[in-house]
Amino acid sequence: MTQTSDRPSGIDPELEPDTLDDQDYGVPWALEDHHRDWQTTLRGFCEREVAPGAAERSIAGVFDADLARAAGRLGAYGLLADERYGGGGADLRTLCLTAEELARVDSSLAVTVHVQAISVALLAHLADGREDLLGEVLPGACTGETFVSFGLTEPTGGSDAGNIATSARRDGGDWVISGSKQFITNSGTPFSRYVILFAATGDAAPGANGRSRRPVSAFLVPLDAPGVTVGAPYAKLGWRSSDTHPLFFDEVRVPGSALLGEEGRGYREALGFLTWARFPIAAMSTGLALGCLDDTRRFVADRTSFGTPLGGHQGVAFQVADIAALAATARVMTYDGAWKYDHGLPIAKEAATAKLVASEAANKAAYLATEVAGGYGFMADTAVTRHYQDARILTIGEGTSEVQRMLIARGLGLPV
């Protein structure tokens, strides 16, 4: 698909132009000048370095180390880290803008950056006060020279994130870990060095709904430790040029200092972490919907049907309008919640709502975009096909749509 004009054919020039590309679109009250400056930087980076080759990377399904290094030079990985470690000291809205702009052209790079950025933030939180550890790991993690992955999901866990079979037992001053994790992003790249691993420790105790649970603790485990195996990369429907592997732990011995935070509170820390981390996923969903809009507008501008510009057919125009409305709704929900988080307000309900609304909107937008594109929407080398493939995981990762509905219902006082 080639762009032939800045404005789709068949649109009345006297009408107010579409503002979906404006930096103030949707939530001007939520963005400040430094956010807009960063957004401009991101758009230039995406135009120069991300968009070229995005289709080829997706088709090949290969992680691009050079592109990952470029994101590190941009400063994307350490946005939430303290400046004394080489981080950006930025707020959540800045990370959301990063996720949005990257996903607009390449969701694989967006999730690579997202996982590293939030893992850096989690490590800084769990190891607060441990300057030796943070000084050793965080500077490289902020530049992307050291990737830290997030090891929570297990083969039998699914949406029940607390159902953790991986275990850690004390042995003298050490911990010995056995078990496995799956769907772990950034775990097999040339830069992958550590995983923040969640493992069951201690004796089982009654939990919710009368279920017996073992307490869960968090550990920082080197991926080159004896007994750690990084499995073969997954063949995926979407996010094809991101890096995803299973991890296996066979009697992996780590020192007592590998424990992050308080023993037995790892799952609680993970839940708190996953709450605000839903906003960048909502932002990725917003970016994907906007990417669908970008490509659909170009497509309807370049084609005619029955002697009329494709965008001049009411049925097509209405589909494009629906994509625009979906993107607008997702963006407002995302940045409303991120603004509240940055201002210290409660966000549990807002995070679940933004994740639900934005991820569902992205899937609908991708469906409409491929429908408008016709046969081109079924070809692997088109952007709308890539968006369609990438959208599907958005209603699954960081909590399924059903989990978000459950959380919203509980927030309304319903006994689910």
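I started with the largest nonpolar core, which has 101 residues; Leu123, Ile196, Phe198, Leu220 and Leu260 have the most contacts inside it. By nonpolar core I mean buried Ala, Val, Leu, Ile, Met, Phe, Trp, Tyr and Cys residues joined through side-chain atoms within 4.5 Å, and buried means under 20% relative accessible area (1.4 Å probe, protein chains only). Helix H7, residues 266–302, gives the most to this core, with 17 residues. Helices here are DSSP runs (H or I, at least four residues), numbered from the N terminus.

Note on the source: this is a predicted model, where local features need pLDDT of at least 70 and side-chain atom pairs count only at pLDDT 80 or more, while totals for chains, interfaces and linings use all residues. Residues are numbered from 1 along each chain as its sequence is written, and side-chain values use heavy atoms, with hydrogens and water left out.

Next I checked Leu220. Leaving out residues up to four places away in sequence, Leu220 touches Leu123, Leu133, Val137, Val148, Tyr194, Val195, Ile196, Ala258 and Leu260; contact is heavy atoms within 4.5 Å.

Then I looked at how H5 (residues 107–126) sits against H7. Their axes come within 11 Å and cross at roughly 155 degrees; axes are lines fitted to C-alpha atoms over the stretch in contact, with angles from 0 to 180 degrees between N-to-C directions. H5 and H7 are therefore roughly antiparallel, the label for angles over 145 degrees.

Last, H11 (residues 401–411): Ser401, Val403, Gln404, Ile408 and Ala409 are buried there. H7 and helix H9 (348–373) are among what covers them. Gly413 follows H11 and has a positive phi, near 90 degrees.

Key. Buried < 20%, exposed > 50% of the residue type's maximum accessible area, 1.4 Å probe, protein only. Helix = DSSP H or I, 4+ residues; strand = E, 2+ residues; numbered from the N terminus. Parallel < 35°, antiparallel > 145°, perpendicular 65-115°, else oblique.
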